[in-house]
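Please look over the notes below alongside the model. They cover a metal site and a set of strands.

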Amino acid sequence: MVVVSGRPMKRLKRRVTADLLDFLTFPSSSSSSSSSASGAGGGTGGPFRTRVKEFLSRHAMPPPPSSLFPHLTTWQVVFRVGDVVTTGVGLDPSPAAVCLDVVEEEVSRSRSVYCDQCRVVGWSGHPVCGKRYHFIIKADGSSIGGHHKPCICCGDLLHFSESSCKSCNHVMTEEDVEDWVFHQLENTTHLLHAVVHSNGFGHLLRVNGREGGSRFLSGCHIMDFWDRLCKALGVRKVSVMDVSKKFGMEYRLLHAVTKGHPWYGEWGYEFGTGSFGITRDVYNRSVEILSSLPLSTLLSQEWNPSSRMPDVISFYQSLAKHELVNIRDLFCFLLSLVHGSRKSSLRDGDAIFNKVRSRDCGASGSWTRSEVERVEEAIVRVLRAVSSSNWVSRRALRGAAYRVASGELLDHCLRELRDKSVSSAMVICSRWNPDNGDFEYRLEPGGTASTVNASGMKSSFISRPSEDNLIRDMRYLYETILHPHTMLNEGTHATDYVEAAQRLLDCKQFMKDYRAEEAPSTANPFSIALLCQVELADHAMSSTICPPPELIILSPDATVSDLKHEVSRAFQDVYLMFRRFQADDLLDYRGVDDSTQVKHLRGLTNLVCVRGRCFVKNGVSKYRMERGLENWTVDCKCGAKDDDGERMLACDVCGVWQHTRCSGINDSESVPARFICGGCKMIKGGEDDKDEVKASVVDVHVNQMLTDGVLML
Ligand SMILES: [Zn+2]
Ligand SMILES: [Zn+2]
Ligand SMILES: [Zn+2]
Ligand SMILES: [Zn+2]
């Protein structure tokens with residue numbers, strides 16, 4: 001659980017806010033088109049590497065002049081949130097402020113050169129980029145940038161020019177401050193934390209909305225902002241590892257069942273790379289299998305009599321007027337009830353319940369008045385037979401009266417009977433009992449004006465499940481029919497269905513392709529936009545190093561020489577390996593004179609292949625790939641061929657990695673000291689391997705990203 005900091009979010013003086021950009025609309029189309037005069041690479045259009053610089057110089061407050069670490073430059077952009085903020089006390093005329101920190105990280109001097117996220121989303125072959133831009137909104141409203149840093153001893157703010165703390169006399173060293181900034185990059189409580197490499201490929205690391213400690217911004221506000229920012233900055237692809245939780249449930253499972261895609265899908269994030277070899281088709285099929293499972297299948301099975309699952313389901317079926325056919329319907333209805341109960345600020349009475357009630361009245365035409373009365377009389381008879389102070393559960397009433405009418409009619413009458421006066425002296429009272437998850441009824445003396453309103457309905461002070469109870473029931477149903485580890489699978493449907501649920505949980509990597517390189521440059525409609533693919537002349541290197549193409553914007557009369565120059569500059573700028581890169585030839589236009597204008601090249605498409613050399617110095621080759629220097633091979637029986645961030649172990653004989661889970665080792669179990677894969681066991685014949693293979697400690701590869709906290713939306 002994320003702890004909300006006690007520090008109140010900064011509020012701004014009114015006169016200041018007029019100049020600030022609005023977080024809820026920035027960057028609007030009008031604010032980005034105003035820069036169109038700045039030419040190629042500026043304003044709209046152009047690649048991320050140039051647009052991010054332009055964004056910072058236009059909107060961000062630069063770091064203090066004597067910034068101690070040029071390899072961690074922190075820029076600050078302050079936004080206002082909307083125009084007027086309603087506080088608990090009343091209208092506050094000054095809007096809240098949100099501070100976006102942009103930490104520009106010099107990767108060659110970073111504590112972690114390689115990117116774990118790139119490794120597990122299929123970009124492990126990209127060369128290491130020279131810079132990473134972290135976009136961070138801190139939860140407590142403070143900023144990483146600016147002129148103040150907290151003392152690492154007592155937390156008091158220090159001006160950057162002071163070296164010792166006034167409160168505790170601690171002398172801050174350069175390392176202290178560097179530690180503090182690095183700690184910020186690893187902090188998991190930020191409302192937003194995303195990182196984008198200078199080639200435009202990025203990762204959304206964290207979104208924490210209201211459940212995650214945000215006071216003003218919901219998860220949707222933050223995602224809307226992030227999505228607009230990505231478009232404005234020319235970000236190319238963003239991956240996200242969805243480990244978000246909602247009401248304590250895995251949201252990727254719940255959201256996939258109700259909406260058919262993860263929560264991030266609302267902003268266009270799609271199936272990225274499935275862990276455990278799962279493909280997009282398998283994912284979609286699993287969504288369908290799980291969400292379309294008929295409730296009747298669940299209800300018709302023989303359940304342990306102590307399970308209240310069938311009761312909870314039929315309770316909500318009775319509450320909903322439209323038919324809840326499958327699991328999707330059930331969870332959609334539960335979520336709508338929760339949202340409704342949040343929206344409803346009414347203390348007594350409830351919008352949804354009333355809506356259900358009025359719809360119900362419309363539908364009651366299918367029963368005659370005498371039928372309804374007959375059932376009501378039967379129910380009252382049962383209640384009268386019970387000693388007056390005892391509550392009778394809805395389920396028991398239903399059971400006692402089942403001979404007189406159909407289930408639908410009984411449910412209808414029980415719903416209508418809540419708080420109904422049945423004679424001049426008696427009222428049927430109902431209450432929600434959270435312990436058995438059902439309504440309860442009893443007869444009470446009544447009929448006075450204070451308890452019965454004009455329509456004969458007693459005010460429904462406790463006649464519907466509260467938000468807490470709704471969430472509790474939803475979690476109960478989630479655990480018993482949705483989550484593969486806890487679901488009751490006594491039924492016959494088990495395997496397909498449990499597998500589908502497991503797959504939805506296994507799929508955590510989602511991705512959005514902004515197709516930034518396809519967007520036309522509006523900076524200058526006549527400029528030439530080319531995607532340039534680089535091929536290295538050195539064969540040894542060309543087989544392993546293949547950076548994604550970079551977008552190059554040229555003026556309309558640019559020559560081949562200009563193109564080569566721009567390509568060299570772009571790749572030098574983006575990748576550490578390419579610091580001395582030189583573009584030599586256009587592969588399809590060998591021998592074309594350097595002075596030829598690019599627009600006159602025959603058959604020019606928007607993709608050009610350029611051959612060049614890297615002139616790699618010693619010490620630079622470690623920047624070949626984001627995956628790092630280790631050589632590893634993944635070959636798992638589930639089909640995985642690359643690291644997907646899941647727990648793996650390597651075979652002690654052949655060294656090939658595979659999932660622990662696929663090798664029959666549970667996530668909760670520790671790995672054996674020695675492991676030999678199925679393939680090697682077959683070759684060995686399984687007889688003498690015990691002596692020949694030296695026992696060695698297996699290196700367990702546990703991906704940290706899976707354990708570093710959850711997102712609360
Ligand atoms: Zn990365
Ligand atoms: Zn101090
Ligand atoms: Zn596997
Ligand atoms: Zn092996």
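The points below take the metal site, then the strands.

1. Ground rules. This is a predicted model, where local features need pLDDT of at least 70, side-chain atom pairs count only at pLDDT 80 or more, and totals for chains, interfaces and linings use all residues. Residues are numbered from 1 along each chain as its sequence is written, chains are lettered from A and ligands numbered from 1 in the order in which they are written, and side-chain values use heavy atoms, with hydrogens and water left out.

2. Zinc donors. The zinc ion (ligand 4) has C651 (SG), C654 (SG), C677 (SG) and C680 (SG) as protein donors, 2.2 to 2.3 Å away. Donors are N, O and S atoms within 2.8 Å of the metal (3.2 Å for Na, K and Ca); water is not among the atoms, so sites may look incomplete. The donor residues follow the spacing C-x2-C-x22-C-x2-C.

3. Geometry. The arrangement around the zinc ion (ligand 4) is tetrahedral because its 4 donor atoms subtend angles of 105 to 116°.

4. Burial at the site. C677 counts as buried at 9% relative accessibility. C680 is buried too, at 8%. Buried means under 20% relative accessible area (1.4 Å probe, protein chains only).

5. Strand β6. Residues 131-137 form β6. Strands are DSSP runs (E, at least two residues), numbered from the N terminus. In β6, 6 of the 7 residues are buried, so the rest of the structure largely encloses this strand.

6. Its partners. Strands pair if DSSP finds at least two bridges between them. β5 (residues 97-106) pairs with β6 in the antiparallel sense over 7 bridges; E105 has R132 as its bridge partner. β9 (residues 192-197) and β6 are also antiparallel, over 6 bridges. There, I136 stands opposite H193.

Note on methods
Tetrahedral: all angles 85-135°; square planar, octahedral: opposite > 155°, others 65-115°. Buried < 20%, exposed > 50% of the residue type's maximum accessible area, 1.4 Å probe, protein only. Helix = DSSP H or I, 4+ residues; strand = E, 2+ residues; numbered from the N terminus.
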